[in-house]
Each structure stands twice: as C-alpha cells, then as structure tokens.
Amino acid sequence: MSFRAVWVLPLPGSGPEDLIFIKTYPTVEKRALVFNGPENHVSLPSDGVLYDATLEELGLKQSGTKYVDSRDTCDKEFQKPVFEIKVLGGKLWPVVIIQKFGLLFCCLPLVEQSCEPRPPLIEILGVSLGLSLLSAIADFMGHLPKDFNASHPKVLELYSYMCQAAPFGTLIDSNPTTVREAIQNKHSTQLVAAHAKQPAWRPVMTKGKGQLHFTITEQVRAVLYNSSNMEDVCSVYGSISCKADLEGATPEVSVAVIVPHDSPPLDNLIVHPCVQGGDTQIISSGMPGLTSQATPAKLTRRRLRFIPPREPFTLGYYASASSTPTTPPISATYQMRGTDREVTLTVKVKLSSKVKNALEYCEVQLPFYNRGIITEIDPVPSMGSVVLPNDRRRLGWNLGARFPTRSLEATLQAKVQFAEYDEKRQSSTYEDPFCVGLNAYAMIYFKVPDYTHTGCQIDPKSVQIHPSAKPKLNLVREFTSAEYKVWNSHGDAQAVFPVPKYLLH
Amino acid sequence: MAAPSVLQSADRWLSEIFEFRKNPAAFFTTRQIEDGEFVMDILQAMYSDKLGDSIRIVLLSTLQEKSSCLMSTPDSIEQTVGSLMSMYDQTTSETAAFYKSQLLVTMTTILLESGQLEAQPKLFTDFVELLLDTVSKVNSAVDRTVRGTACQCLNEIETMHPGILMRKLEHFYAMSQLECTHVCQNYMALFVQVLKNSIYVLLRSGESIDSSEVTDLLCSRTEPLKPLTLPEDFSNKMFQLGSPKDSSVRCFSEDVDSKELLRCLSFLLDHLYLMTMPCAVTTLLKLIDCMVTAPHIAPHILRPFVTRVEATHDVTLFHALLILKHKFGRQLMTDAEEELLLDRLVSCSSHPCLTPGHRLLCYQWLLNFPENKASDLEDTKSHLPTGLDYTKTASLYPGVFDGLDTTLIKLNLLSLCFTPSHVQDSASATLIGCLVSLQKSIHYGITGRPAITLYRALYLYYRRHYETVLRSDIYKLIVTIVTEQPKFVPHTINFIECINRIDTKDSFPTELLQSSMENIVSTPPSDVLEDLEFHLLLLEKVCKEKSISPKPIVAFLRQLLTSTSIGSNGSWLLGNCILSVCHSIMQHHDTTEIFKELGQLLYELLTSYGDLDIRDRARFYYAMLTNISSQKISSILSSAGTTHSLTRLVTGSSNFDIPSPVQKLQQPVLCLTRIQRRPEYMTFACSNCQQYLQNLQSNQKPPVIHMDYYLHFTEVSSTRSVDKLYSLVLHVDIPKSYKEIPDVSLSCLTLDESQQPSDTCQVISLQIQPLEPVPSKLPVSTVFMTADGQTSTCSLSPVHIQFSDLFLPLPVSSSNRPGLFDDLWKYMQDHSSKTCAESVCTLLLNKTAMLEVIQNQLQEYRIDHVDKEDDTSRIGIFLPPSWHLLLKITAKQDMTVVAIATDNWKTLPLVNTFLHELEESRAR
C-alpha cells in the first residue's frame with residue numbers, strides 16, 4: 001500500500017518536455033524487489049526514459065487522428081485509469097495516470113504480491129489510493145502559469161507536500177488543506193483536547209462563534225432532439241457541500257436533507273467518509289421491501305449524522321435515477337436550414353412552469369462548426385439580445401433573467417451568412433467534426449439561484465449538534481445547467497441506443 | 001543586497017540538484033567532484049538558514065532518494081547521519097516541526113536503504129533508541145508532529161525488518177490507547193504493523209504456541225521501551241523481509257486464547273474513524289490480516305464499519321470494502337447485502353458527480369466483483385457478477401453523456417450480459433444497436449478515438465460471440481465501413497490481425513478480405529482514386545491470403561493504370577502502394593496462373609509509370625517474374641526482411657518512424673538558363689470569323705509553348721562534392737493559370753557536361769499551357785541522389801514566364817489572317833459589352849524607331865495587307881487558350897499611336913505594360 005514512485009509531466013505542448021516532478025522511495029523499491037523476485041522485478045528507469053515511456057504508452061507522441069498500431073490496436077489491454085509502461089527489462093504495472101490542468105499525474109503503487117500473473121485490480125488497494133493521491137496532488141497544485149518549469153514555487157511545494165502526505169511512500173494524508181497546515185507548522189501550536197481523542201483529519205481546532213454553511217448545487221444535463229426516433233435525455237444531480245466552524249474535538253452534526261412529498265426521493269446518495277450514519281440507502285430493485293411496499297416516502301427525508309472536518313467539504317452527492325424521467329427545466333427546439341453560406345434558423349425556448357422564473361442568467365449559444373466565419377446576421381429575438389462574439393463563429397442569445405410571465409416562452413429567428421470555409425485558416429480553432437452541413441446544436445446556459453429542480457433542501461429545523469451548540473446557520477441553493485444541448489431538427493444528431501422500457505422499472 | 005544573493009543561491013542549488021538527479025554519474029564527472037564532497041555541500045547548505053524551507057526540503061528529498069549514489073561507504077553514511085542528527089538536535093519543534101520531522105525520515109531512509117542494521121548495528125540501534133525516546137512522550141503537545149513522524153519511521157523500520165520491534169508491542173498498544181492528539185493514528189498504525197508482524201513471527205516460529213501466548217504478547221511488558229537490544233544470537237539473516245510467496249501463514253490453533261486480541265482489534269476498529277482515509281484503509285487491511293489468524297474472531301466485528309462506509313463517495317474506502325467482501329464473502333455479507341453492495345457499485349460506476357477515473361475503476365471492479373456464490377471461473381478472468389441481473393443492465397447501455405472510455409467498457413460489460421443465438425434476436429440487436437453513435441462518427445469520417453473504440457468493441461464482441469449471429473453482423477458492418485470510408489482500412493487490417501492472433505484457423509478474416517476485395521475491384525477505377533492508397537493497402541493485405549485468388553486484383557490494377565491518369569501523374573507514393581501489392585502477390589501466390597496478367601501489369605508500370613524509382617523497381621519485379629520460378633521468387637521476397645512494407649508506412653499504419661533521409665540544401669546547386677521558346681503552332685479552318693471562334697471554343701487541347709532551358713550547375717556546387725547527380729527529379733510548382741507540368745526526370749547529370757550553359761549541357765523543356773494569358777514566376781525545386789547515396793533537395797531560382805512568352809500568331813493560315821484580323825476587330829467593337837475592349841496607347845517613339853521595334857519583336861505577328869497602303873502596322877496576336885490581342889500601330893513624326901482591341905479586357909494592363917516596355921527597350 002505504498003508507492004514506488006510519483007511523477008508529474010506536462011502534456012506535450014503545454015510545458016517543458018520533461019518530468020517536472022518525480023519522487024521515488026528507495027525502501028519501497030527494495031520491497032518491490034523482494035516481493036517480485038529479482039527475475040520479475042522491473043526497475044524504475046531514469047527520469048528522461050520515464051518521460052518518454054509515459055507519453056509513448058498514452059500515445060501522445062503521435063497525432064491523435066492517425067492510426068498508430070501500438071496505441072490503437074484492438075487487442076490492447078484496457079484498464080484505464082491503470083496503464084502499463086514499457087521500459088527496458090519489462091513493464092511497469094499498475095501505473096495510475098490522471099490528467100488535469102494540462103498535466104499528467106502518475107504513480108506506481110507497490111503490489112504486495114507477485115505480479116506474475118497479474119492479480120485483478122480489485123485486489124490492489126494501491127490503485128485507488130493512487131487515484132486519490134493524484135487527484136489531491138492536482139488540487140494542491142491547481143493551474144500553473146503558461147511559462148512554468150520544474151522550479152516553479154508550486155512545483156517545489158509539491159516536494160514538501162509529498163514528504164508530509166506520504167513519508168516513505170505510504171500515504172498518510174492527502175487532504176491539501178491539512179497537509180499545507182502541517183508544512184506551515186500550524187499543527188504544533190494548537191491546544192490539545194482534554195479528554196476526547198482528536199481525529200487526524202481535524203488536527204486544528206476552531207475557536208469562536210459557531211457557523212454552519214450548507215450549499216446545495218444542483219446541475220442538469222440534457223440532450224433534446226425533438227424527434228420521434230431519438231428520445232430526449234435529461235438528468236439532474238447535485239452536491240451538498242458544507243463548511244462547519246464548530247468548537248470541540250469531535251462535534252457531531254445531524255441534519256435532514258428533504259424533498260417535497262410529491263417529488264421522487266433523492267437517489268444514488270453517496271456521502272463523505274466523515275458521515276457516521278444516516279439514511280443513505282439507494283433506491284433499487286434489490287432493496288428489501290422497498291419496491292413491493294412502495295414506501296420511498298421515508299426517503300423524502302434523509303438524515304445524515306457526521307463529524308465535520310474544518311475545511312469546506314462535500315457532504316454528499318446525489319443523482320436522479322435513470323428510471324425516473326426528469327422533465328427538462330427548459331424545453332427547446334432548434335430549426336436550422338440553408339446552405340454552407342447562408343442559413344435561416346428558429347430557436348424556441350420555454351421555461352417549465354415548475355422552475356422559479358427568476359434566473360441569474362440564461363443564454364443560448366449557437367456554434368457554427370466547419371463553416372466560414374459569420375459575415376452577417378439578421379436576428380429577430382422575441383426578447384433579450386443577440387451578440388456576435390469576436391471570433392464570429394457562434395451566436396449568443398442572451399435572454400436575461402425573466403421569461404414572459406404568461407407564456408414563459410421566447411423565440412429567436414435569424415438569418416446568418418458565412419464567409420467561405422477556409423480549412424487552413426481555421427485549423428487552430430476547435431471544430432466538432434460531427435457538425436457538418438445541417439448537423440448542429442444549440443447550447444443553453446442558465447442558473448437559477450435559490451432553487452433546486454428536485455426540490456432538495458436542508459431542513460433548517462432538523463439541524464442538531466452534539467455537544468449542544470447553536471451556530472449561525474447559512475443555507476444556499478442553486479440550480480445550473482451543465483451540458484444542455486438542443487439538436488437541429490433538420491440535421492442528424494449524435495444519439496445512443498435507447499434502453500428498452502422494460503428495463504426501467 | 002542580501003535578498004538577491006539568497007535568491008541566487010537558491011536558484012543555483014535548484015539547478016545543481018536537477019542536474020544531479022537527471023544523471024548522477026555524469027554530474028560528478030562534469031563537476032569533477034566526489035560524491036562525498038557533494039553531500040558535504042548539501043549538508044552545509046542546509047545548515048544555513050538562508051535557503052528557505054522549500055529548497056531545504058528539496059535537498060532533503062534528494063538525500064532520501066539518492067543516498068545510494070551519494071554515500072558509498074559506511075563511514076560516509078555514519079558521517080551524514082551524524083550531521084543530520086546534530087541538525088535535528090538544533091531544530092526546534094515549535095517553529096520547524098515539519099523540517100525536523102523530515103530529518104528523521106531522511107535518516108531512517110538512509111539507514112534502511114543501505115542495510116545498516118547488518119552493517120552498523122550500533123548506529124542503527126542508537127537511532128532507533130532516539131525514535132523510541134521521542135514516541136514515548138505520549139500526549140506531549142509541543143512535539144506531537146515530530147512524535148507522529150517518529151512513529152512512521154518506526155513503522156517503516158518494522159516493515160523493512162519484520163519482528164524487530166516485537167518485544168515493544170505492549171508499549172505501543174498502551175500508547176495507542178493513551179494518545180489523544182491528532183497523531184494518535186500514527187501510534188495505532190505503528191501498533192498494527194508491529195502486531196501483524198509479531199503474529200506472523202509467532203506462527204512461523206514452528207514452535208508450539210501456548211494458549212496464553214497471544215495475550216502475553218499484548219499485555220505483558222517483557223522489556224522497557226528503550227533501548228532496542230538485539231538478540232545475542234543476532235545474525236545478518238534476522239529480521240529480513242521475505243517474499244510473499246513463502247509467507248504461507250497458518251492460523252492459531254483453537255485453544256489459543258484470543259480474547260485480548262479481539263479486544264484490541266475492536267479498539268482499533270472503533271477508532272478507525274479518527275484516522276485519515278488512507279491511513280484507515282491501510283490499517284484496516286493489516287488488522288484483518290491479524291484477524292484471520294484467530295479462528296475465534298468472526299468477521300461480524302467488521303459489520304459496524306461496513307455499514308458506516310457502504311455509501312461512501314471515497315474511492316479508497318469503497319475499495320477497502322470490496323476487499324473485505326473478497327476476503328470474507330458470506331461470512332461478512334448475506335446475499336441480500338451483497339446485492340445492495342452490487343447496486344451501490346453499479347450506481348457509483350455511472351454517478352455523474354464522481355471523477356472519470358473513479359467511475360472507470362468501478363467498472364473494472366464490476367468485472368471481478370467478489371460474489372458469495374463461488375464462481376467456477378478463474379479469479380483473474382473477468383466476468384460479470386451473476387447478481388447483475390437484467391434490472392441492473394439498464395445502466396450498462398452507453399449513454400449520451402458517456403465518454404469513449406466509458407462507452408467501450410460498457411460495451412464490454414454488455415457483451416457479457418447478452419449472448420446472441422444463431423439467428424437475429426434481441427441480444428444481437430442490442431449489441432449491434434449500442435454501436436450506433438460510434439457508427440455515426442465513422443459515417444461522418446471522424447478519425448481518431450471513435451473509430452478505435454468501435455473496432456475495439458467489435459473485437460470484444462467477436463471474441464466472445466464469434467459462434468453466433470454476431471459474426472455475420474460484424475462482417476456486414478466492417479465491409480460497409482471499408483466501402484464507405486476507406487480511410488479506416490488500417491483499423492480493419494489491425495482487426496483482422498488481432499483475430500488471426502487469437503485463432504489462426506478462423507476463416508472470418510479471409511471471408512472479410514474476400515468480400516472487401518470484391519467490392520473494391522468491382523468499383524470503376526475512377527471512383528476509387530480519392531482513397532486509392534487505402535484501397536491498395538487492403539489489397540496488399542488480401543494478397544497475403546493464399547486462398548484468395550489475386551487474379552481480379554491484377555486485372556483491377558491494370559485497369560487502374562490504363563484508364564486513369566495515375567500512371568502519367570507518376571505519384572511515387574501510389575506507385576509504391578501498387579508495387580507492394582505486386583510484391584505481396586509474388587511472395588504469397590503461385591504466379592503461373594496469373595503470369596501473363598501480372599507480367600502485363602508490371603510491364604505497364606515499367607514502361608509508362610511517371611516515376612523513375614517505381615519504373616526501376618517494376619523492372620526488377622518483371623525480371624524476377626520472367627526469369628525465376630515462382631517458388632524461388634517467393635522465397636527471395638520472404639527472406640528480404642521487409643517486415644514493414646512501404647505501403648503501411650505511407651498510410652500510417654506502421655509504428656516505427658523513418659528517419660528523414662532527405663537533406664535540404666540551403667543554396668541551389670543547379671540553375672536553369674533559358675535557351676529559346678518554341679511555340680507549337682496550330683491552325684484552324686477559317687471560312688469566316690464566326691466559324692473560327694466556334695472552332696476555337698470547341699478545341700479541347702490548349703496550345704503548348706515549349707520553353708527550353710539549360711540545366712547546369714551553379715558556382716556553389718563546384719565547391720561541393722556533387723559532380724554526379726543521379727535520379728534527378730525537377731519539380732515545377734504551377735499556378736492555377738497554367739496547366740500542370742509533369743516532373744522532369746533525369747537518370748544522371750554530370751558536372752563535366754553541365755557545368756555551364758553550353759552545347760554539351762543538359763537541355764530540358766518545360767511545356768507551358770496557359771489556361772489564362774498571364775505572366776508568372778514558377779518556383780522550381782529538385783530532388784536528387786549523390787554518388788554516396790545521400791538524397792538531397794533544394795530550390796532553384798524561379799523560372800520567369802513573360803506576358804510576351806505566351807504570344808502566338810493568329811492560328812489560321814497566313815493568307816486568312818488579314819481577313820480574320822478585320823473580322824475580329826469588328827467583332828470586338830460589336831461585343832464591347834462582353835469581355836471585349838478597345839483602348840489606345842501612345843508611345844514616345846518616332847516612326848523609324850517604331851518600325852525597328854516591330855521588325856525586331858513583333859514581326860511574327862505582323863499582318864500584311866496587300867490592298868491597304870497606309871502607315872498603319874497591324875499586329876494580330878493569339879493569346880492562348882482562346883483570346884486575342886489586336887494592335888493597329890500608327891507611327892507619327894515624334895510619337896506612335898497604338899489602337900488596341902482585345903476580347904479579354906483583363907489583359908489590358910498587361911498590354912499596356914508590354915507596350916511601354918517596348919518603348920523603354922528602344923530608349924535604352
């Protein structure tokens with residue numbers, strides 16, 4: 001459950017062409033040699049070789065559109081996010097790799113059994129430990145400026161991070177907040193709790209007036225086809241985040257997350273490890289007695305009991321079940337016809353009567369891929385304004401904050417003209433290769449404050465704290481669009497094979 | 001000035017350290033220092049406070065990671081540890097706890113890596129004593145961070161030397177219970193590690209174990225916490241880590257009292273929630289290793305933990321849960337609970353809030369889900385849990401928001417869920433139907449990952465269901481792709497090769513190739529030109545199949561050469577592709593059957609293909625075909641070692657890079673010097689103007705103007721060793737206004753003959769066929785090979801084509817010209833609204849001068865009117881492909897008036913320039 005090595009490199013083209021960070025662990029390497037035996041042990045190569053081999057395995061050395069046998073062959077073993085890296089003398093396995101902020105974060109966990117034959121991934125805890133370590137490193141580093149190199153302060157800080165998070169390569173704590181506090185020697189100056197044991201993830205204690213913040217951020221993603229042979233898709237999911245400033249070593253908070261009685265219960269609820277107990281059941285066929293007696297009413301109120309860490313954290317995530325269809329908060333149609341050089345289009349959007357008609361923003365974007373730049377537009381919006389951004393490759397229809405009270409509907413009609421398409425000139429910009437001819441979509445971006453589509457909220461009366469305290473309670477809700485796509489009714493659309501109805505109980 | 005110097009020294013140290021880490025050996029050589037000196041430098045730098053903590057940590061990390069190449073002797077290790085120790089003593093816990101902790105980590109790493117327990121036991125035990133002393137101060141607030149790290153150091157020592165701390169176990173147990181600060185987890189982790197190793201030592205000792213031995217281990221204090229005394233019979237083999245293979249651990253016998261062990265395990269489990277996630281799961285796994293050795297301890301003590309973490313969104317915690325399930329099966333979870341866990345896993349695998357890596361890992365776990373029902377499949381083989389019944393398969397259908405990785409893994413799982421039969425059924429319809437979005441990408445010709453994903457999915461399908469109706473479904477699907485989008489041929493070939501790898505006898509690849517081939521050869525050659533190299537790549541693959549007759553392919557290739565222009569275009573790339581097909585035929589087939597056809601094909605190539613290299617090789621193949629037996633050819637070609645055929649290189653399906661063999665020369669070594677212009681005259685029948693113009697319009701072949709040049713060496717080249725150039729190809733870039741000029745190929749050019757423009761010099765001729773009558777500057781480049789085999793390329797000075805170079809006399813017999821001139825003039829006057837135009841230009845040339853100019857430069861186009869005796873000279877110029885320029889030049893005393901008429905007004909500015917050039921040429 002230790003790591004033999006952790007390394008970070010920029011994606012080709014987004015930084016120096018070398019590892020920017022590597023940490024190896026001689027004692028773990030010694031163990032790897034013992035566990036694998038000298039005949040099967042594959043040693044770590046030099047930094048330069050490791051850089052090349054990592055990119056080679058990911059196929060990032062060649063263009064993505066060209067067929068490359070070693071990367072693209074059908075019988076390549078697929079274990080993402082786990083990879084094998086070919087080096088002199090064999091393959092390093094299991095290498096966990098994630099990509100974030102233009103960087104590749106990699107680690108090689110020690111397998112505490114023989115790797116010949118390879119054990120299934122489920123038996124190697126190091127893989128998931130590696131995954132959490134790498135995500136934490138990525139969060140710890142954040143975005144790096146464009147001209148960074150290996151001696152950038154954030155990269156140097158990573159040495160300290162690794163020393164604290166995983167001395168001897170064994171992960172102790174990956175939380176960026178607590179690790180940073182430790183590096184800054186903040187843990188030594190704290191008072192010691194008198195009687196209770198203090199959790200390792202709550203090393204610093206809070207003093208002062210208690211506060212409790214909950215934010216429910218709900219997101220919706222949808223693909224609307226308005227077609228008889230492609231079904232519209234809409235799903236809602238959310239996260240409940242919390243920031244608790246409470247005194248004591250292990251203050252325990254209990255809170256109820258509720259939805260209205262006439263709404264479907266929250267489903268697929270998964271919670272932070274600090275949750276000690278609660279109503280976290282998932283609604284499934286296998287749930288004894290649930291479906292037969294139809295008692296999800298109990299689940300419209302889910303109580304969670306937890307000891308909060310000091311830093312902000314995500315108490316839980318939930319997602320609407322695929323079996324309960326969600327009505328889209330905004331229904332929309334997109335009709336576009338014309339030629340390469342000129343199109344006429346109509347976009348209709350209608351806010352669902354269920355949604356609070358007080359948005360923070362609502363904008364429809366109409367990107368035009370694989371065409372020349374827009375030379376002329378002639379838009380007629382029923383409300384709001386239409387803008388043509390500087391790149392002249394899409395239209396933005398800003399609807400403002402409120403739909404017409406009665407109809408809740410808005411329409412945009414427009415005629416758009418394009419310059420001749422010049423593939424060379426536009427090669428630097430992103431083109432969706434699917435969107436040729438009349439294949440096109442509109443994207444809708446909106447945010448509704450103080451609202452959740454599922455009706456999910458924290459019941460303020462339910463908050464209990466032990467030992468008793470009366471912190472100031474702060475509740476926030478918001479509902480935003482993630483990916484919200486409307487396909488042109490007159491073109492082809494990317495769709496998937498529908499799940500048969502009988503499978504959706 | 002202190003600040004900059006500190007910065008400088010920090011930067012200097014960083015660059016030194018980076019340089020060193022890259023290649024330690026090279027670093028020492030270039031710096032000419034010994035490893036010991038460098039360590040001293042590092043230690044000295046750390047002593048000074050100027051460097052700042054982050055740099056000092058980088059230096060410490062270097063000592064940790066590279067101690068093996070920094071400290072080669074026991075002395076140097078002792079010295080380094082000594083220095084670090086005195087630094088440790090001088091560092092205060094209040095302000096520099098982190099740095100102080102890392103000093104401990106560094107010393108521990110150095111001692112462990114270099115095996116100091118064996119080499120310098122005193123040094124080692126002294127250090128352990130320091131650690132033990134540090135950890136003994138339970139609940140001391142000031143140094144808790146350092147105490148925590150000291151626990152980790154002891155933990156690492158125990159890990160590398162199992163059993164060494166066994167006799168201190170009771171102390172650690174007590175300290176774990178007493179410690180209240182946040183480093184309590186470090187004490188517990190240390191305790192579990194020592195406990196686990198101690199139990200293993202007991203079980204492996206081979207001696208009979210007293211019933212109270214485990215309790216004694218935990219409760220009886222055998223010796224004080226410090227010092228660490230090594231046993232009297234200590235030898236190098238003691239406390240050494242063994243490989244997991246020989247760690248067959250038994251259980252304690254039934255009569256061993258495990259009550260205290262149970263108590264301590266419960267204590268640890270109850271306090272697991274105090275630990276950070278990574279620490280909790282590693283501790284848990286060591287804890288269950290202890291648990292399984294005691295037959296009286298049932299897994300149900302894990303139940304509270306299981307209930308607490310079942311709904312976790314932490315990837316590691318959930319993984320630990322699965323490992324517990326794997327270890328204990330039904331003892332831990334009932335079938336109903338197992339189903340809930342499976343539900344949870346399925347839910348997490350498609351949970352939009354989790355990271356892609358987390359979700360992908362969930363799918364991997366699904367493939368090896370530990371089930372209560374013993375599976376008859378091997379552990380390592382991926383299979384779907386039987387509990388994953390149809391109610392849960394809904395979430396395995398690829399969704400519209402799924403990325404390609406998720407789609408592929410879902411298709412893999414689906415193909416495990418559904419087993420199609422021999423006829424079309426819902427299973428086959430579902431499996432093929434789920435490919436729809438990938439197929440759409442292919443349909444729109446989107447290259448890259450969607451195509452790779454589709455082919456991988458098909459491969460997975462095929463492997464599992466090759467005996468079902470899917471076989472023909474996949475067959476149809478691939479044939480369609482190859483026909484509609486030939487650019488995916490490399491993928492198809494790879495698919496076939498992968499199937500061949502799993503079963504060489506399978507006839508599927510052959511059938512697939514056969515029908516793809518039939519599709520290609522039945523297409524008219526003109527329709528395959530666009531993606532020809534891909535078609536040829538596939539044909540090459542087809543020819544490797546002995547059971548498929550190459551006859552239709554040979555016929556197809558011949559037709560291709562005779563009915564299209566690829567032969568005369570002479571593309572080297574396509575030529576190679578065609579030759580690769582021929583190569584493949586000759587290597588894999590008996591050529592007696594197709595001797596004549598193949599011979600004709602090769603003959604066609606060697607006589608008329610527009611590229612010398614291709615012709616040469618075709619000649620070679622032809623010679624082989626006609627002179628050697630088929631068997632011999634086959635063995636020659638097989639032994640030639642062309643494992644990677646050229647075709648695959650050019651179409652990109654091969655994996656190795658060819659180093660660029662072509663050298664680009666900056667200076668031109670060759671030069672073109674103009675000799676003459678030889679227009680090809682043509683005449684049209686001309687009874688009247690109308691008919692003439694009609695004839696002109698219907699003429700398909702624009703007139704050619706040959707431009708002859710000497711091709712000779714420049715002065716630059718005399719300084720180089722390029723006295724003989726072989727296989728020289730001259731390429732002229734042609735603007736849109738002219739017709740393409742084929743490349744000029746020469747087999748050899750020697751410095752002797754072509755040093756200067758002279759009679760011995762090589763002459764080349766460029767055929768200019770204007771599509772519009774405009775002058776141009778044509779860039780010229782050349783590729784050639786020198787005697788030493790080096791291929792080079794360079795640009796030559798461009799070739800200038802003047803407006804007047806395009807002039808031709810009126811294309812009718814000279815007797816008809818005067819009449820035509822008048823008719824055309826009138827025609828142009830009448831059609832001035834179209835493209836025709838009239839203009840007048842005056843030139844400052846007197847009569848004599850003007851006549852001289854006409855005589856010298858326009859004589860060829862002069863039209864003699866027998867019946868007109870005036871001072872006007874008439875000039876009739878034909879501008880290919882179909883335009884005219886008519887001039888009436890009237891010379892006055894001190895100036896000349898030129899009346900211009902043309903049927904292409906766009907040329908007027910050019911005419912104007914041309915006339916003024918005449919004026920200037922005279923003035924000079």
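pLDDT is the predictor's confidence in each residue, from 0 to 100. Helices (H or I, at least four residues) and strands (E, at least two) are DSSP runs, numbered from the N terminus. This is a predicted model, in which local features need pLDDT of at least 70, side-chain atom pairs count only at pLDDT 80 or more, and totals for chains, interfaces and linings use all residues. Residues are numbered from 1 along each chain as its sequence is written, chains are lettered from A and ligands numbered from 1 in the order in which they are written, and side-chain values use heavy atoms, with hydrogens and water left out.

**View 1. Confidence along chain A.** Welcome to chain A, where the average pLDDT is 90 and 94% of the residues score at least 70. Strand β20 (residues 441–449) of chain A has the highest confidence, at 97, while helix α7 (residues 290–293) of chain A has the lowest, at a mean of 39. Over residues 285–295 of chain A, pLDDT stays under 50, and the model has 17 contacts (heavy atoms within 4.5 Å) beyond four places in sequence for this stretch. Where pLDDT is low, the predicted coordinates should not be read in detail.

**View 2. The build of chain A.** Look for seven helices and 23 strands in chain A. The C-alpha trace of chain A spans about 70 × 60 × 50 Å along its principal axes. Of its 505 residues, 55% count as buried (under 20% relative accessible area, with a 1.4 Å probe and protein chains only). Take the contacts in chain A between residues at least 6 apart in sequence: 73% of these join residues at least 24 apart.

**View 3. Two helices of chain B side by side.** Here helix α6 (residues 74–90) of chain B meets helix α9 (residues 121–135) of chain B, with axes that come within 12 Å and cross at roughly 20°. Axes are lines fitted to C-alpha atoms, for helices over the stretch in contact, and angles run from 0 to 180 degrees between N-to-C directions. α6(B) and α9(B) are therefore roughly parallel (an angle under 35 degrees). The residues that make the contact are E78(B), M85(B) and Y88(B) from α6(B), and L123(B), F127(B), L130(B) and T134(B) from α9(B).

**View 4. A leucine in a loop of chain B.** L384(B) sits in the loop between α19 (356–366) and α20 (390–393) of chain B. With a relative accessible area of 14%, L384(B) is buried. Leaving out residues up to four places away in sequence, L384(B) touches L413(B), L416(B) and C417(B).

Definitions and conventions. Parallel < 35°, antiparallel > 145°, perpendicular 65-115°, else oblique. Buried < 20%, exposed > 50% of the residue type's maximum accessible area, 1.4 Å probe, protein only.
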